[in-house]
Amino acid sequence: MSRRVIGIVMNGVTGRMGYRQHLVRSILAIREQGGLPLGDGQVLWPEPILVGRSATKLEELAKRHGLTHWTTSLDEALAHPLAEIYFDAQVTQARESAIKAAIAAGKHIYTEKPTAESLDAALELARLAREAGVCNGAVQDKLFLPGLLKLKRLVDGGFFGRILSVRGEFGYWVFEGDWQDAQRPSWNYRAEDGGGMILDMFPHWRYVLDGIIAPVRSVYAHAATHIPQRVDEQGRAYPATADDAAYGVFELEGGIVAQVNSSWAVRVDRDELVEFQVDGTEGSAVAGLRNCRIQHRGSTPKPVWNPDLPATEQFREQWQQVPDNAEFDNGFKVQWELFLKHVVTGAPYQWDLLEGAKGVQLAELGLRSAREGRRLDVPELSL
Ligand SMILES: NC(=O)c1ccc[n+]([C@@H]2O[C@H](COP(=O)([O-])OP(=O)(O)OC[C@H]3O[C@@H](n4cnc5c(N)ncnc54)[C@H](O)[C@@H]3O)[C@@H](O)[C@H]2O)c1
C-alpha cells in the first residue's frame, strides 16, 4: 500500500482537548493503527505540525511522542510544505484570527467548538472558507458517542413512535480551586476570557438535538453563576463572571419539548455525566455517553401515586439495555477520520462551519434569552 502523507497544523495541543482527544486519541491513534486506509490501496498518514505559545511545552510534547515538526509561529506552521489542514483547539477567544489566517493561506479547516465567540464571526468564517473553496469542519463529538449512536439508531428505527419530549441532565461538581484544585481551566468561569456554560454547552445541545431528534426552533434559558468566586491555577482568587449553570427549554420542530440542565455546580446522581431521556408514544429511552436503556410501551408499568406507602416498584430495574451491535471507536477519532477522507477523497461531510455557526447561534440566543428573560425564536441560517 502506498502512503499519502497529510500535514496537519495543530494549534492548542498543550490544552486539555487538543492534547488528549485530538492529538493522542485521534491523530496519534490513527498512526498507531498504521494510518487511515482510503479504500483505493492508499493509506493516509497524518503528520502533525504542532504550533503554540510555549516552545518548552511543544518541544517536550514532540519529544514524548516522537514528533519532529513544531513551532511557536503560526505563519511558519502554515507555510510548512506538508501543511494541508489547520486544526484549532485553542481557547475560544484565540480561534477566529487563527482560522482567518489559515483560510487566507489556503488550508482546509477543522476546529473545536464554539467556532467563534459571536454568530457574526462564526458566519464570516463559514463564508470565508466557502469563498476560498477549502474543506471545513467543526467538532461535533457527542454525535459519535456510543450512547448517542444507539439513541440515533432507535430514532431511525422508529422505536419512539411520536417523540414528545427530551430531558437532558449534564454536569458535575467542578471544584472551586481553594481546598481542592479545579478540574477545569479557570478561563471557563470568566466571561471576559470566553468562558461560560451557555457558550460552552449550547453548541453541543444544538447539534445533538438537530442531528438526533429534530431541528431547534426556539430557546428559553435561565443562566446562573452559582459559585461567584473561584481560585485559579496560580492559587489566586478571582470573581467568576461567567454563568456556571444554564437551565434551557428548547422547542423543536413538530412541537417536541427539550429541557436541558447544564451545571458545574451539581453533584452526580446519574449513571453518566450526561444523560438524555427521550419519551415517545411507543417507548422511552435514556441515553448517556456509552449506554442507552429503553422501556417499550408494552412493558411500561402503571404506578399509582400514594405517598402513604413506600415505593412498590424498582423503577430503575424496569429498563432494558440496548446492545452495542457494533464496535465503537473514540468519537473524536471517528469524526477526524471522516473529515480526513472528505479532504482527500471528496467523500461527503456534513458537519461544516455553517453547522458550527448554528451552535454559536443557539449560545448567543441563549445568553440573550437569559438576559431578557424571554423565549426567542431560532431563525434558519444561511450564508
Ligand atoms: N468538544 C468538546 O467536548 C470540548 C470539551 C472541552 C473544551 N472544548 C473546546 O476546546 C477548546 C479548548 O478547551 P480546553 O478545555 O482544552 O482549554 P485549555 O485551557 O486546556 O487549552 C487551551 C489551549 O489554548 C492555548 N491558548 C492559546 N491562546 C491562549 C490564551 N490567550 N490563553 C490561554 N490559552 C491559550 C493554550 O496554550 C492551550 O493549548 C475551547 O474552545 C473549548 O470550548 C471542547
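The model is predicted. The domain assignment divides the chain into domain 1 (2-141 + 331-351) and domain 2 (142-329 + 361-376). An open sheet of nine strands is present, with mixed pairing, and 19 residues surround the ligand.

**Domains and their contact**

- Each domain is assigned in two segments: domain 1 covers 2-141 + 331-351, and domain 2 covers 142-329 + 361-376.
- The centres of domain 1 and domain 2, taken over C-alpha atoms, are separated by 28 Å.
- Contact between the two involves 15 residues of domain 1 and 15 residues of domain 2.
- On the side of domain 1 that touches domain 2, helix α8 (residues 331-345) gives the most, with four residues.
- That side of domain 1 comprises four nonpolar, six polar and five charged residues.

**The nine-stranded sheet**

- The strand order of the open sheet is β17-β16-β15-β14-β8-β13-β12-β9-β18.
- The edges are formed by β17 (320-321) and β18 (376-377); each has a single partner strand, so one side of each is left without a neighbour in the sheet.
- Helix α9 lies across β9, β12 and β18, and runs at about 55° to β9.

**Pairing around β14**

- Strand β14 (residues 274-280) pairs with strand β8 (residues 163-171) in the antiparallel sense, over seven bridges. Within this pair, S165 stands opposite D279 in β14.
- Strand β14 is also joined to strand β15 (residues 283-287), by four bridges and again in an antiparallel manner. Here Q277 faces V286 in β15.
- A hairpin is formed by β14 and β15, with two residues between them.

**Helix packing**

- Helix α5 (residues 119-132) packs with helix α9 (residues 353-372) at an angle of about 175°, and their axes are 8 Å apart. The two helices are therefore roughly antiparallel to each other.
- Helix α5 contributes L119, A122, L123, L125, A126 and A129 to this contact, while α9 contributes L353, L354, G356, A357, V360, Q361 and E364.
- By class, the residues of the contact of α5 with α9 are 10 nonpolar, two polar and one charged.
- Helix α4 (residues 95-104) also packs with α5: their axes come within 10 Å and cross at roughly 10°. This crossing makes α4 roughly parallel to α5.
- In that contact, E96, I99, K100 and I103 in α4 meet A121, L125, L128, A129 and A132 in α5. The class count is seven nonpolar, no polar and two charged residues.
- Helix α5 uses L125 and A129 both towards α9 and towards α4.

**Ligand shell**

- Of the 19 residues that surround the ligand, the closest are G15, R16, M17, Q90 and P185.
- Helix α1 (residues 16-32) supplies the largest share of the shell, three residues.

**Backbone geometry**

- Most residues other than glycine have a negative phi, and most peptide bonds are trans.
- The bond that joins K113 and P114 is a cis peptide bond, with omega of about -15°. P114 lies in the loop between β6 (108-111) and α5.
- N325 has a positive phi of about 55° although it is not a glycine. N325 is placed in the loop between β17 and α8.

Technical notes. Residues numbered from 1 in each chain as written. Predicted model: local features only at pLDDT ≥ 70, side-chain atom pairs only at ≥ 80, totals over all residues. Near = placed C-beta within 6 Å. Pairing = 2+ DSSP bridges. Axes fitted to C-alpha atoms, helices over the stretch in contact; angles between N-to-C directions. Parallel < 35°, antiparallel > 145°, perpendicular 65-115°, else oblique. Contact = placed C-beta atoms within 7 Å. Nonpolar A, V, L, I, M, F, W, Y, C, P; charged D, E, K, R; others polar. Domains from an automatic or database assignment.
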